[in-house]
Amino acid sequence: MSDTKATLTIDGREGAIELPIYSGSLGPDVVDVGGLTGQGMFTYDPGFVSTAACESQITYIDGGKGILLHRGYPIDQLAEQSDYLETCYLLLYGELPNAAEKERFVGTVHRHTMVNEQIRTFYNGFRRDAHPMAIMCGVVGALSAFYHDSLDISDEQHRQVAAFRLIAKMPTLAAMSYKFSIGAPFMYPDNSLNYAENFLHMMFGNPCEPSQVSPVLARAMDRIFLLHADHEQNASTSTVRLAGSSGANPFACIAAGIAALWGPSHGGANEAVLEMLEEIGDVSRIDEFVARAKDKDDPFRLMGFGHRVYKNFDPRAKVMKQAADEVLEELGIDSDPLLEIAKRLEEIALSDEYFIEKKLYPNVDFYSGIILKAIGIPTSMFTVIFAVGRTVGWIAHWNEMISGSYRIGRPRQLYTGYAQRDFVPLDKR
Ligand code: CMC
């Protein structure tokens, strides 16, 4: 925080409004516009492009330089040297755990992987062809009906237990959503496996045979979870904070985050990437789709390209691309038609004037879609996997907000509707 001030001049009235400026530890200073309301004015910032809605110590992004730090640690170092659950600990508690802390944390997550047995019957209320994200919105929200003992948000212990439950049960619920959609029996978690192995076991195992989980694929899965773990105040995290600011319980807030994540501009992009590659269908049709992406009158966009914050490169995409190469090599896939299209699109985006000028680089979802497809994850599950990884970010931000000082989120508006007018009776309309 600093003593510097911004002076806003309105209609020639110089020095009319003085606004304090605060500095964070990194990143742009912010102008505190709270005092404007008293002057009968609001700020106008559709899409929150220039608005810092909160103070946070969890994640820092410098979009221009392609930097992503969790609690100060660069994402590439975490992806190389850490694992998902250790990164969860870091996001939740602010420091890397020592060996004993890590063992205790991982052990606690493992003890929470099973879900209340009644949740199994809850799934039967859904249609078999329901989208797994639709199921996740419902089932995660419903956790508040099953775990009453972690709903008091003013109790730190309750908040901790809710965090453990959410992180531990998300893979179980995600895999159950998939098994339900194909009419296969649900798999119980196997707590001798690590987080990513357990997820693959519940996705692809069956109760009649022992599971065979490839360590390379499990490592890639772990990296996908890790690279999606948090991304500061994105649409879904801001949704979780907004829902939480009313005092709603954590399970309901995370369900709200899942809903916000689902859209194709956010977490739904990884699914949309694969659908787009399938729609393109052949390398010979790429130019046609690139032309459509550039056409202002055509709403089509190249999915997996561009980012609101990263205008240089997406540092997660760099690690994800490397993981994609490893997975494809491990699986011996070198001539998949969709991959050919993906590679060509990537070349175009990195060399075409339109994409360079608008700074539209391949983002994390471009490569994660390719890896997930190679692992054999059905396309409809891609966004669910993003949700599993992002759960820790949501809960870390929710907890940061609830344990500090906060007010209910209540944006204002620029009203452009009718001024007051008199009601017209039905026979006069
Ligand atoms: N293909 C073609 N043109 C694009 C694309 C694209 N993917 N993305 C942006 N543009 C153009 C857009 O038409 C606009 O052009 P103009 O200035 O001539 O009007 C310009 O680039 C800026 O676009 P914008 O919509 O103002 O940018 P934004 O910051 O509001 O949107 C975005 C960011 C990610 C929603 C957008 O780039 C997009 O729709 N990308 C495709 C969806 C996608 O891959 N989303 C995943 C993001 S990464 C995962 C996550 O963190 O959620």
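Two strands count as paired here if DSSP finds at least two bridges between them, and the strands themselves (E, at least two residues) and helices (H or I, at least four) are DSSP runs, numbered from the N terminus. With that in hand, look at the hairpin of E4 and E5: four residues sit between the strands, and Gly-66 among the residues of this hairpin takes a positive phi near 70 degrees.

A word on the model before going on. It is a predicted one, where local features need pLDDT of at least 70 and side-chain atom pairs count only at pLDDT 80 or more, while totals for chains, interfaces and linings use all residues. Residues are numbered from 1 along each chain as its sequence is written, and side-chain values use heavy atoms, with hydrogens and water left out.

E4 (residues 59-62) and E5 (residues 67-70) run antiparallel and share four bridges, with Ile-61 standing opposite Leu-68 in E5. E5 also pairs with E6, again in the antiparallel sense, this time over two bridges; there His-70 has Tyr-73 in E6 as its bridge partner. Put together, you get an open sheet of three strands in the order E4-E5-E6. E4 and E6 (73-74) are the edge strands, as each pairs on one side only.

**A loop residue**

Asn-98 is found in the loop between helix H2 (84-93) and helix H3 (99-111). The C-alpha atom of Asn-98 is 9.8 Å from that of Glu-86, twelve residues away along the chain.

**Around the ligand**

There are 21 residues around the ligand, and His-266, Lys-296, Arg-301, Leu-302 and Gly-304 come nearest; a residue gets onto this list if one of its heavy atoms lies within 4 Å. By class, the shell has eight nonpolar, six polar and seven charged residues. For those classes, Ala, Val, Leu, Ile, Met, Phe, Trp, Tyr, Cys and Pro are nonpolar, Asp, Glu, Lys and Arg charged, and the others, Gly among them, polar.

| Residue | Ligand atom | Distance |
|---|---|---|
| His-266 | oxygen | 2.6 Å |
| Tyr-354 | nitrogen | 3.2 Å |
| Asn-363 | oxygen | 2.9 Å |

Taken alone, the ligand exposes 940 Å², and the protein buries 76% of that (Shrake-Rupley accessible areas, 1.4 Å probe).

Terms used:
Polar contact = N/O pair within 3.5 Å; in protein donor to acceptor, adjacent residues only side chain to side chain.
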